[in-house]
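Here's a quick tour of one model, written for someone who likes cut-offs spelled out. Have a look at the structure first, then read on.

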Amino acid sequence: MFALDIQTVFVMVILISASFALALGWMAADNRDGLRSFAAALSAHAAGYLLLALRGGIPDWISMVVANAAIGASGSLVLHAISRFRERPYPAALLLGPPAVVAVGLSLAMDDIHTRIVIANSVFAVQNLVIARELVRHRFDSPVRGRNLVVAGSLVVAALLLTRVAVAVFDPAALNTVYQSSVVQRASYLLVFLAIVLISNGYLMMTKERSDARLLHAALRDRLTGCWNRTHIEEAAAQELARLRRYGHPAAAILMDIDHFKAINDRHGHDAGDAVLREFAEVARASLRNTDVLGRWGGEEFLAILPMTGLAEAIATAERLRRNVAQHPFAIGAPVTASVGVAACLSADGWDDWFRRTDAALYRAKN
């Protein structure tokens, strides 16, 4: 019959924690995404389990109090990593409190293993529930597959720890020593090992997914104005064409051109011209809906794709935009105006046809 040795599982937990700590710490160029804090958490976890594994060979207060305080510090460091990932400060009391509570509580219960199990596992369970809550409540601008792995791993650990608390209260004979080879002990430490793999891979995936999303976002933005670039505008137009053909949803395009922009550059300088472009983009964004897609088409031309918009509504939006630009007090101290062309998308259109009619409307407006 197969029997899993507890000390062997401890060695597995120590090695996997230390390995992930080394790998993540080595990969982290800085702590912007919390990777270094997460590596420190894994190091603290490995240290805690190493001290637990040395029970009997070192003073009991080290293998009990210090070991569990290190594991509590590991949970706090994971929360610190998440706070860095979320780009929000985390109260120091919530970071330092759990290991302090564990250290004090276990110091007062040195002779009662079941009380120690209740105190330590209750604190660790709460930490894991808070980790899951902080990730779920964060609004991600990237895929959430990595986050889901971390949340799942944290919830598994929390459920495991609360189970240990219940067993310590209602079936204390199953948890009389740290190395007792009971079903609860074997399942507990094996699940800890699996959760470390799950959570560590999930956190790494979470940071990579956000990094990839931000790189893609930056690649599709105009650096000067923050508007979408031509590539993204054409993708948005293709989506609206597909929706029109499949569902009959209307769409319209507005092409805008700042009047006499060359004269602005010649008279006020190119820095002033760049400032006008940025201000124009701000006015245009404020004149459009959140669902509209505004992009810089090139030079002083801007193009907006308006989903679920008929021609009459698009003309009203274009007139509002033109009026808002004319009324805006630009920093150059001189009036700035824009010409605007509007065209609705037709079911027989390709993008070239739709844009050509929008450009022709702008040309008529310029004349």
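## Ground rules

This is a predicted model, so local features need pLDDT of at least 70 and side-chain atom pairs count only at pLDDT 80 or more, while totals for chains, interfaces and linings use all residues. Residues are numbered from 1 along each chain as its sequence is written, and side-chain values use heavy atoms, with hydrogens and water left out.

Helices (H or I, at least four residues) and strands (E, at least two) are DSSP runs, numbered from the N terminus. For accessibility, buried means under 20% relative accessible area, exposed means over 50%, and partly exposed is in between (1.4 Å probe, protein chains only).

## Salt bridges

Side chains of opposite charge can pair when their charged atoms come close. Here a salt bridge is a side-chain nitrogen of Lys or Arg within 4 Å of a carboxyl oxygen of Asp or Glu, and the structure holds 19 of them. One of these joins E209 and R145, at 3.1 Å from N to O. E209 sits in helix α7 (residues 183–219) and R145 in helix α6 (residues 145–170), so this pair ties together parts that are 64 residues apart in sequence. E209 is buried at 7% relative accessibility, whereas R145 is exposed at 56%.

K366 and D257 make another salt bridge, 2.6 Å from N to O. This pair also links distant parts of the chain: K366 belongs to helix α12 (residues 351–366) and D257 to strand β1 (residues 251–258), 109 residues apart. K366 is partly exposed at 36%, and D257 is buried at 7%. Then there's D349 with R357, at 2.1 Å from N to O; D349 is buried at 6% and R357 partly exposed at 29%. Finally, R86, R133, E134 and R137 are linked in a salt-bridge network.

## The four-stranded sheet

Strands of a sheet pair through backbone hydrogen bonds, either parallel or antiparallel. Two strands count as paired if DSSP finds at least two bridges between them. In this model, four strands form an open sheet in the order β2-β3-β1-β4, with antiparallel pairing. β2 and β4 (338–344) stand at the edges with a single partner strand each, so one side of each has no neighbour in the sheet. On average, neighbouring strands are turned by 20° against each other, direction ignored.

Five bridges join β2 to the antiparallel β3 (residues 301–307). Among the partners, L294 goes with A304 and G298 with E301. The two strands form a hairpin with two residues between them, and G299 in the turn has a positive phi of about 55°.

## Helices α1 and α7

The axes of α1 (residues 6–27) and α7 come within 9 Å and cross at roughly 10°. Axes are lines fitted to C-alpha atoms, for helices over the stretch in contact, and angles run from 0 to 180 degrees between N-to-C directions. The two helices are therefore roughly parallel, a label for angles under 35 degrees.

Contact means heavy atoms within 4.5 Å. The residues involved include I6, F10, F20 and M27 of α1 and Y189, F193 and L204 of α7. They divide into 16 nonpolar, four polar and one charged, where Ala, Val, Leu, Ile, Met, Phe, Trp, Tyr, Cys and Pro count as nonpolar, Asp, Glu, Lys and Arg as charged, and the others, Gly among them, as polar.

How values were computed:
Angles under 35 degrees count as roughly parallel, over 145 as roughly antiparallel, 65 to 115 as roughly perpendicular and the rest as oblique.
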